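Me: I would like a close look at a single part of this model. Please keep it brisk.
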Amino acid sequence: MFDANPAASPSARVRKVEPSSFGFQPSSVPPPAGGGGDLLEISLGPHHPSTHGVFRMNVVLDGETVVRLKPVFGYLHRNHEKLGEGTSYLGSMPYTDRLDYLNSMTNNWAYAIAVEKLAGLTVPERAEYVRVILAELTRLLNHTCLAGFLMQDCGCSGTPLMYAFRERERILDLFESLSGSRMMCNYQRFGGCRVDPTPAWLAAVAQLVDRYGPFLDEFEELLTGNEIIMARTQGVGRLPAALAVNAGVTGPMLRASGVGHDLRKVDGYGVYPRLNFRVPVGDHGDVYDRYMVRVLEMRESISLLRQALAALPGGPVLDPKAKQRGLRPKAGEAYGRIEGPKGEIGFYLVSDGTANPYRYRVRPPSFVNLTVLEDLCLGHTVADAVIILGSIDIVLGEVDR
Amino acid sequence: MNETQPALTSQERDELRRQGVLLTSLEELYNWGRSHSVWPLNFGLACCAIEMIAASMAKFDIARFGSEVFRPSPRQADLLIVSGTVTKKMAPHVVRLWNQMPEPKYCIAMGACAISGGPFKQGYNVLKGIDRFIPVDIYIPGCPPRPEALLHGLVQLQEKIRGQALTGPEAPRHLRSDDACDCPVPELGAHDIEPSHAPGVWSSPSLVRPDKG
C-alpha cells in the first residue's frame with residue numbers, strides 16, 4: 001500500500017499499475033526535486049528476460065529515472081535449509097550443487113570444509129590441489145558467463161554470450177568427464193574428492209588453460225575498449241567502499257569498490273598460501289570496474305591453474321579413514337567458507353551428534369550482494385538498473401534457496 | 001474423398017514423389033509448417049534454464065529445429081518450457097503466462113522439478129509437478145536434462161504436432177468448441193495453494209486392487 005492519506009505525502013501522485021501491495025514506505029526516499037510529472041510504479045519480473053531468473057523489482061519512476069526500488073524475492077524458495085536438517089551430511093552434498101547452479105564445484109568445497117571442520121577430518125595434499133584446480137575452472141566459467149550475460153543486458157544481443165557459452169561448454173566437458181555430470185557435479189567429499197583425475201584429464205585441463213588466455217584477449221578486444229560499453233557502464237551504479245563494507249558485500253563486487261578483501265588471501269584455506277597470485281582491485285566501484293575486476297581475476301585464475309597443475313603431487317585424493325555415509329560428528333558447530341566466484345560462500349552447521357545436522361545454514365554471496373541494489377540504482381534510468389543488476393551477478397537458486 | 005480411406009497409399013505417394021509429383025493435404029502442409037517454427041517463451045525458472053540457454057547457443061544450436069526465436073512476451077509464443085522448480089509463489093505466474101499464450105500452444109516440462117518436484121519434492125514450498133495446473137505435452141527427465149535431451153523433446157513435440165488432426169474428435173483443444181482453454185490460476189490460500197490442482201487437467205491417481213478387478 002502506498003499511502004493511506006493522499007494529501008499528506010508527495011507519493012499521492014503515484015499512479016498504481018500493479019496490485020497495491022508493493023509495500024513502499026512513503027518516507028524512505030525524498031521526493032524528486034522539481035519533478036512535475038506523475039510517478040509511475042512498475043513491476044519488473046518475475047517473468048522478465050533480464051532479471052536473471054525469477055526475481056522481481058518493483059520500481060517507481062519519475063520519467064525514466066528510478067526514484068525507488070524494492071526487490072521481491074522468494075519465487076524460487078526451495079526450502080533448501082529445511083531439507084538439509086532432514087538429510088544426512090552426505091545427502092546434502094548434491095543439494096549444494098543446486099544452490100548456485102553455475103558453480104557447483106565451489107559450493108561443494110565450502111560445504112565439505114564446514115563438515116571437515118565439524119568432524120575434524122584432514123584432506124590429502126593431492127585433493128587440496130585438485131580442489132584448487134576445480135575452483136579456478138569454476139571461476140573462469142562463472143566470470144565468462146557473467147560477462148556474456150552483462151553484455152546481453154547492455155543490449156549487445158547474442159555475440160558475447162555465444163562466445164562465453166562456447167568456452168563454458170569446454171569447461172563443462174572437463175567437469176563431465178571427471179564427475180559424470182555437466183552442471184551438478186557432486187564431486188567433493190568429506191576429506192577429499194570422489195575420484196582421482198587421470199593424467200589424460202589433467203592434460204586436457206592444461207590444454208584448456210593454454211587456450212584460455214588467447215580467448216580472453218579476443219573477448220577483451222571485443223568488449224573492454226568498446227566505446228558503447230564504456231559509455232553504458234562507466235559511472236553507472238557506483239558503490240562506495242564504506243557502503244560495500246557496511247552491507248557485507250563480498251567478492252568481485254567488493255574488490256571493484258577498492259577493498260582488497262579476498263578470502264583466498266585472508267583465510268589462506270587449502271593450498272592458496274603456497275600459490276602466487278594477485279588480487280585485482282577497482283577504483284570507481286561502477287559497473288565497468290566490476291566487469292574489469294572479473295576479467296583480471298580470470299587472468300589470475302589462469303596463472304593459478306598453471307601453478308597448481310605443475311605442483312600437483314601424487315598420492316590419494318580421499319582420506320580412506322574419513323567416513324562418508326552415516327557420518328555422525330560429535331555435538332558442536334562449524335562455519336566453513338571459501339571465496340566463491342560470487343563472493344564469500346559459507347555453510348554454518350550445528351551438530352547434535354546425530355546423523356543429520358541440527359541446523360544447516362547457507363551464507364549466499366549473491367543474496368547479501370543484492371541488498372545494496374536500491375542504493376546503486378537510485379537516480380539511474382531503468383535501462384541502467386538492468387545492467388546494475390547484471391553486474392551484481394545473482395543466481396536465484398542461491399538468493400532464494 | 002472419404003476421410004477414413006485415403007485415395008493413395010503411402011507407397012503410391014512415395015512413388016509419385018520420386019517422379020517429382022508432390023501430393024499433400026492442407027492438414028499435412030499446415031502441420032509441417034507450424035511444427036518447424038515453434039517459438040518458445042523466453043522464460044527461465046531455475047537450473048534447467050541454464051541448459052535451455054546452452055541449447056540455444058552455438059554448440060547445440062536450437063535454430064536447426066526452427067525454435068531459436070525466444071519471445072519475451074507470452075502473446076507471441078507457441079511453447080512454454082517450464083525449465084525448473086515451480087514454487088507455490090511462482091505457480092500463479094506460470095499458469096497466468098500459460099493462459100496468456102494464444103492457441104495453438106504447447107508445454108514442455110523440463111527436468112525433474114517441473115515434472116514432479118524432483119529433489120525438492122519433500123519441501124513445503126515446491127509444487128509437485130506443473131502438470132497439476134497446465135496440460136503438459138512432453139516430459140523431459142533429468143536434473144537438469146542435457147541440452148541434447150531438450151532438443152530430443154523438441155523433436156518429439158514436432159512429431160506430435162505433425163500428427164495432429166484438424167477436424168474430428170482428435171482435433172486439438174483450440175479447435176473444439178466445447179473445451180475451455182484457460183486453466184484456473186491458483187492462489188495462496190490459508191494453508192496451501194488453492195485449488196491444489198486444476199480439475200480438468202489432473203486427477204489424483206486412483207488405487208486399483210487386483211483382486212477387485
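Is the crossing of α4(A) and α5(A) left-handed or right-handed?

Reply: First, the ground rules. This is a predicted model, where local features need pLDDT of at least 70, side-chain atom pairs count only at pLDDT 80 or more, and totals for chains, interfaces and linings use all residues. Residues are numbered from 1 along each chain as its sequence is written, while chains are lettered from A and ligands numbered from 1 in the order in which they are written.

The crossing of α4(A) and α5(A) is left-handed (the near helix is turned anticlockwise from the far one by less than a right angle). Helix α4 of chain A covers residues 125-154, and helix α5 of chain A covers residues 159-179. Helices here are DSSP runs (H or I, at least four residues), numbered from the N terminus.

Two packed helices are described by the angle between their axes and the distance between the axes. Here the angle is about 160 degrees, and the axes of α4(A) and α5(A) lie 8 Å apart. That makes α4(A) roughly antiparallel to α5(A) (angles over 145 degrees count as such). Axes are lines fitted to C-alpha atoms over the stretch in contact, and angles run from 0 to 180 degrees between N-to-C directions.

Now the residues that meet. From α4(A) they include A:L137, A:L141 and A:F149. From α5(A) they include A:L161, A:F165 and A:I171. Contact is set by C-beta atoms, placed from the backbone, that lie within 7 Å. The residues of this contact of α4(A) with α5(A) divide into 14 nonpolar, 3 polar and 2 charged. Ala, Val, Leu, Ile, Met, Phe, Trp, Tyr, Cys and Pro count as nonpolar, Asp, Glu, Lys and Arg as charged, and the others, Gly among them, as polar.

Conventions:
Helices (H or I, at least four residues) and strands (E, at least two) are DSSP runs, numbered from the N terminus. Angles under 35 degrees count as roughly parallel, over 145 as roughly antiparallel, 65 to 115 as roughly perpendicular and the rest as oblique. Two residues are in contact if their C-beta atoms, placed from the backbone, lie within 7 Å.
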